[in-house]
Amino acid sequence: MLGVVIQGDTRHFDFICQGVTYGITELNLSFDIPFIFGVLTTDTAQQAIDRAGGKHGNKGDEAAITAIKMVNLKNDLS
């Protein structure tokens, strides 16, 4: 899953990004499976579109591939 937080006129952007980062960290510490940080933090909706399958690639695909690689690495180490 890929999420996006778009900067607005208030500080909510900072609070949300910090909360998401903390939450993903806690998931990785609590479970024996990888949780990948698939969250775009952008200034505009167009930047999000460009990074989610537009001219800057597909960050969702990249996050999924990273998750698969991490599962494979974990299995190789076991």
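The questions below go from the overall fold to individual residues.

Modeller: This is a predicted model, in which local features need pLDDT of at least 70, side-chain atom pairs count only at pLDDT 80 or more, and totals for chains, interfaces and linings use all residues. Residues are numbered from 1 along each chain as its sequence is written, and side-chain values use heavy atoms, with hydrogens and water left out.

Colleague: What percentage of the 78 residues counts as buried?

Modeller: The C-alpha atoms fill a box of roughly 45 × 30 × 10 Å along the principal axes, and the protein exposes about 5,800 Å², of which carbon and sulfur atoms supply 59%; such areas come from the Shrake-Rupley method with a 1.4 Å probe, and for residues only the protein chains shown count as cover. A residue is called buried under 20% relative accessible area, exposed over 50% and partly exposed in between (1.4 Å probe, protein chains only). By that cut-off, the buried share of the 78 residues is 15%.

Colleague: How many salt bridges does a search of the whole structure find?

Modeller: A salt bridge here requires a side-chain nitrogen of Lys or Arg within 4 Å of a carboxyl oxygen of Asp or Glu. One of them joins K59 and E62 at 3.5 Å, N to O, and both of these residues lie in helix α3, three residues apart, about one turn of the helix. Another joins D32 to K74, and the search of the whole structure gives a count of two.

Colleague: How many residues apart are D32 and K74, the pair that links distant parts of the chain?

Modeller: The closest N and O atoms of D32 and K74 are 3.5 Å apart. D32 is exposed, with a relative accessible area of 60%, whereas K74 is partly exposed at 30%. With D32 in the loop between α1 and β2 and K74 in helix α3 (residues 59-77), the pair links distant parts of the chain, and its separation is 42 residues.

Colleague: Which side chain of opposite charge is nearest to D50?

Modeller: D50 is in helix α2 (residues 45-51), where its side chain makes a polar contact with the side chain of Q46 at 2.8 Å; such a contact is a pair of N or O atoms within 3.5 Å, one able to donate a hydrogen and the other to accept it within protein, and residues adjacent in sequence count only if both atoms are side-chain atoms. For charge, Lys and Arg count as positive and Asp and Glu as negative, while His and the chain ends are not counted. D50 is buried yet has no salt bridge, and the nearest side chain of opposite charge, 4.1 Å away, is that of K55.

Colleague: Which residues does I36 touch, not counting those up to four places away in sequence?

Modeller: I36 lies in the loop between α1 and β2 and is partly exposed, with a relative accessible area of 26%. Contact means heavy atoms within 4.5 Å. Not counting residues up to four places away in sequence, the residues that I36 touches are I24, A63, T66, A67 and M70.

Notes. Helix = DSSP H or I, 4+ residues; strand = E, 2+ residues; numbered from the N terminus.
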